[in-house]
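Me: I have a structure open and would like to go through it. Can you take my questions one at a time?

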Amino acid sequence: MPSRRLNQERVVLLLLCAVIGVLVLGPVIVLIRTSFTPPESMPLETIALTLENFVTLLVSSNTVRLVLNTVIYALSSMAIGVSIATFVAWCTERTDMPGSFVIRVFMFCWMAVPALVVGFGWILLLNPGQGALNVLFRELFDVKGYVFTVYSFWTLVLITAFAVVPTAYVMIAGLLRNMDPQLEQASRVLGGGPVVTAFRITMPLLTPGLLSVAIYMFMAVVQTFDLPVIIGLTANVPVLSTRVYLLSAPVNGMPNYGLSAAFGVVLLVLAVGLMWVYLYVTRTGERFRVVTGKAFRPRRIALGRWKVPVMLAVAAYFLIMSLPIVMLLWISLHTGYEKPGVAGLENLTFATFARIVENPVVIRAVINTIVMVIASATFVMLLASLIGWFTVRSNRKLGKVLDILSFLPMAIPPIVLVLAVLLLYIRTPLYGTVWILVLSHTTIYLAFGTRTMSSALIQIHKELGDAAMLSGASWLKSLRLVTFPLVWPQILNGWVWVFAHCARDLTVPLMLMTTSNIVVATALWNLWEFPDLPGTAALSVLLMGTLLLVAAPFQIYAAYKNR
Amino acid sequence: MLELENLTKSFDSRHQQRNEPALKGVSFRVCEGEFFTLLGPSGCGKTTTLQCIAGLEDPDTGRIRIGGDWVFDAQAGTSLPANHRGLGMVFQSYAIWPHMTVLENVSFPLVHGVRRCPSSQVRPRAIQALEMVELGHLADRPAPLLSGGQQQRVALARALVHEPRLLLLDEPLSNLDARLRETMRTELRHLVKNLGTTTIFVTHDQVEAVGMSDKIALMREGLVVQEGTPRDICMRPNDVFVAEFIGQNNLVDASLTQGPPNAVARTSFGEVHCNANDDVAVGERAVLVVHPRALVLGDDGGADHENRFHATVADVIFLGDQLDVALQVGEQVLHASLDPFSDLRVGDTVELRLPAERCTVVRGDIAHAGSTRDMGR
């Protein structure tokens with residue numbers, strides 16, 4: 001008779017714990033270890049322990065500025081972004097504004113647009129010299145110098161805020177849609193007017209939800225890297241994430257891994273603190289229980305004479321969102337830089353696209369990217385489906401450990417994680433291959449995948465799997481034939497999400513870039529630095545187009561189903 | 001055929017609100033071909049017991065034998081996985097896989113199970129199982145297009161198709177509407193008795209348990225309180241909990257003044273000649289159990305003069321097929337179910353007789369018996 005200690009379930013659980021342990025704990029331990037090594041030494045090369053890095057970090061007046069910069073930058077971007085998102089979400093979910101379906105689809109699809117690409121677009125529009133909008137204003141109003149500049153703290157904040165909006169919108173729209181309308185109706189029946197109801201019932205009920213969205217977005221901005229690196233560095237607005245990058249990959253001189261790791265530890269502590277606050281707030285939010293998960297159809301507010309102004313405001317927002325994309329499209333259709341205008345229409349050509357797709361570096365980057373995104377998305381969803389099963393079904397202690405381990409990467413900023421991966425694997429053959437990118441992405445998106453799968457699996461009645469076991473199927477077979485086929489749409493949806501996020505990410509490939517593992521995001525970066533503006537624009541358009549082609553059908557279908 | 005020896009099981013305190021063990025030492029034996037029911041209120045451990053037999057949960061201590069094999073033995077540290085135990089099970093939710101057709105559902109054990117059959121045999125055997133539950137014509141229908149009653153039949157066909165040595169039923173009737181439940185009750189019993197399959201049935205519904213079983217084990221808080229035939233459980237409860245859980249019995253505070261045979265109990269309205277269980281001591285606080293159908297009203301011409309009392313009709317409820325009457329006897333209210341044609345009115349005085357052979361004194365205390373009749377889940 002088989003022993004209790006050797007069944008499939010247990011073996012898989014142990015294997016998962018080992019894999020996740022290596023993926024998550026390995027890098028973090030090495031990061032912390034490296035922050036205590038003397039400067040000028042390679043990670044894992046010395047046994048010396050020193051506090052030197054932390055002393056350097058503490059005595060430097062720069063550190064305070066860095067932390068302050070990061071916090072102010074994140075707070076203001078989050079505040080602006082969440083405000084816009086709340087307004088748009090309220091319009092589409094709770095008022096009779098026309099076109100809410102289109103807006104919802106647009107917002108969902110926008111999440112597939114790389115922030116890096118949008119950043120390039122903004123620079124082309126707003127740079128003080130040749131920025132298209134500056135040129136336009138100069139011609140129209142005969143101003144000298146420039147009106148806008150992309151290279152300032154507040155422009156960075158605004159652009160980041162715009163980038164934050166779609167994700168925040170999706171979360172807030174969910175909150176608004178799932179709120180039980182009876183709570184508001186009760187207030188109306190008992191004599192509360194619309195204003196009283198909005199301020200005494202709706203707002204207080206939504207506060208915990210909005211607060212958790214705000215903290216989540218704040219966390220996201222603290223961790224963000226691509227916009228601060230392409231805009232913030234020139235604008236001389238250093239934040240923690242860009243400092244970590246510059247120390248480990250300086251323009252000239254040797255990388256200072258010790259100090260970089262020390263900064264990484266600071267950022268990690270900040271992020272873990274925020275994570276704790278987030279978890280604390282969302283737990284308090286549980287008590288309000290306004291989000292029941294059941295689909296309601298709340299009563300929509302008639303906008304009346306406010307309809308046109310509200311629509312104009314929303315339209316203006318979308319116009320601003322699409323400006324950088326239009327700019328990139330324009331430039332990609334020319335062979336050299338051409339200012340937007342009627343005059344440039346004659347020179348429209350696909351020559352740049354033709355040139356870029358024949359570039360051997362780009363071809364290699366595309367192949368690498370395809371391998372990377374497919375492998376990462378598949379690994380994430382495979383691990384996440386199994387972990388999700390254990391978090392939902394298993395009452396073993398090891399299952400809880402697995403749950404916590406897979407959630408941990410949520411609190412590790414990608415830039416810190418990828419630095420840690422670099423430190424851990426720099427001397428192994430893995431370094432310089434696509435697989436180190438796959439490994440990093442798998443770790444980073446594991447928390448997302450696990451959440452997706454555990455919320456999907458919790459909807460599947462436990463007895464469906466049990467019935468397969470009782471019918472004689474082994475545990476793995478019951479998963480393969482019954483449980484996973486039933487959550488197939490969610491697995492696919494998660495796969496596409498990870499796919500899109502891996503493809504658009506610059507943090508991981510840039511930190512780990514060598515000549516052999518270039519991907520589209522790093523190819524974009526190289527073209528931009530070269531500089532080859534039309535080439536950058538063309539590759540950006542291609543990347544964006546591909547991502548939209550993959551992601552849009554799912555989002556349109558999902559939005560249509562939830563209508 | 002099936003033997004459970006001293007099973008205990010505790011859950012993580014986070015899963016269970018009370019940190020009490022779910023099973024505190026459950027033992028029983030089931031004979032070949034028997035229809036055996038685990039009956040009890042929710043949280044009594046009956047489903048946990050079933051899941052331990054199925055292999056979906058591992059008990060903390062004890063052992064389980066199915067046929068000649070010890071499938072679980074805590075001391076030896078062995079546990080046969082659920083798929084190797086050769087069982088069939090109908091779940092409370094039926095667990096019909098919605099991504100398959102009816103036929104695919106039913107043939108699953110033959111195709112993917114441990115004891116597979118040759119592929120040429122799969123379809124005929126699955127169809128045969130479906131015909132057994134009178135659903136042969138629905139074989140190629142997608143599973144989500146079935147009604148509740150049809151799903152239940154498919155689940156039964158799937159549980160029986162591979163001729164399991166033991167059939168486990170986890171409240172299979174509780175999700176059906178009242179009329180269908182009654183039909184399925186008889187049908188289910190006939191089916192498994194004809195096949196001769198040993199069946200373990202879990203329910204919280206005493207009507208189902210009494211009507212279907214060869215034997216009932218009544219459970220409470222992780223222990224088997226009484227085990228016996230339906231008649232034993234109904235007519236000879238051995239505990240106030242059993243008396244309270246089964247039927248609408250009248251429970252009266254009492255103490256024995258004379259032990260069995262010819263026992264006499266003292267109650268607030270006088271002395272009652274009765275049966276008494278052996279474990280009730282004279283003078284000890286106990287409970288007199290009187291079945292609502294046991295009461296005889298009016299002068300029935302009985303020769304004996306014992307157990308006769310005067311009563312006033314306090315309340316009458318007409319239920320169509322019976323008349324529920326509350327009778328005030330001294331300070332005690334007794335409930336009687338009468339034939340609906342009797343013409344009693346509130347305020348009438350009647351003579352009441354409690355036949356001694358229908359009155360039983362059991363150990364226990366009414367104060368601790370309350371609110372055990374928990375029918376909801």
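**Chain A, then the cysteines**

Me: What share of the contacts in chain A between residues at least 6 apart in sequence join residues at least 24 apart?
Reply: That share is 76%. Keep in mind that the model is predicted.

Me: How many helices and strands are there in chain A?
Reply: Chain A has 24 helices and 0 strands. Its radius of gyration is 25 Å, close to the 24 Å from the globule rule for 563 residues, so chain A is as compact as a globular protein of that length.

Me: What box do the C-alpha atoms fill?
Reply: Along the principal axes, the C-alpha atoms of chain A take up roughly 85 × 75 × 50 Å.

Me: And how much of chain A is buried?
Reply: 55% of its 563 residues count as buried. The chain exposes about 25000 Å², with 69% of that supplied by carbon and sulfur atoms.

Me: Charges next. How many positive and negative side chains does chain A have?
Reply: There are 37 positive and 21 negative ones, and the centres of the two sets lie 12 Å apart.

Me: How many disulfides over all chains?
Reply: The count is 0.

Me: Why is Cys109(A) too far for a bond?
Reply: Because the closest cysteine sulfur, in Cys502(A), is 19 Å from the sulfur of Cys109(A), and a disulfide needs the two sulfur atoms within 2.5 Å. Cys109(A) counts as buried, at 11% relative accessibility.

Me: What about Cys274(B)?
Reply: Cys274(B) is in no disulfide either, with the nearest cysteine sulfur, that of Cys359(B), 6.8 Å away. At 7% relative accessibility, Cys274(B) counts as buried.

Notes:
Residues are numbered from 1 along each chain as its sequence is written. Chains are lettered from A and ligands numbered from 1 in the order in which they are written. This is a predicted model: local features need pLDDT of at least 70, side-chain atom pairs count only at pLDDT 80 or more; totals for chains, interfaces and linings use all residues. Side-chain values use heavy atoms; hydrogens and water are left out. Helices (H or I, at least four residues) and strands (E, at least two) are DSSP runs, numbered from the N terminus. The radius of gyration is taken over C-alpha atoms; the globule rule is 2.2 Å times the number of residues to the power 0.38. Buried means under 20% relative accessible area, exposed over 50%, partly exposed in between (1.4 Å probe, protein chains only). Contact means heavy atoms within 4.5 Å. Accessible areas come from the Shrake-Rupley method with a 1.4 Å probe; for residues, only the protein chains shown count as cover. Lys and Arg count as positive and Asp and Glu as negative; His and the chain ends are not counted. The place of a charge is taken as NZ of Lys, CZ of Arg, CG of Asp or CD of Glu.
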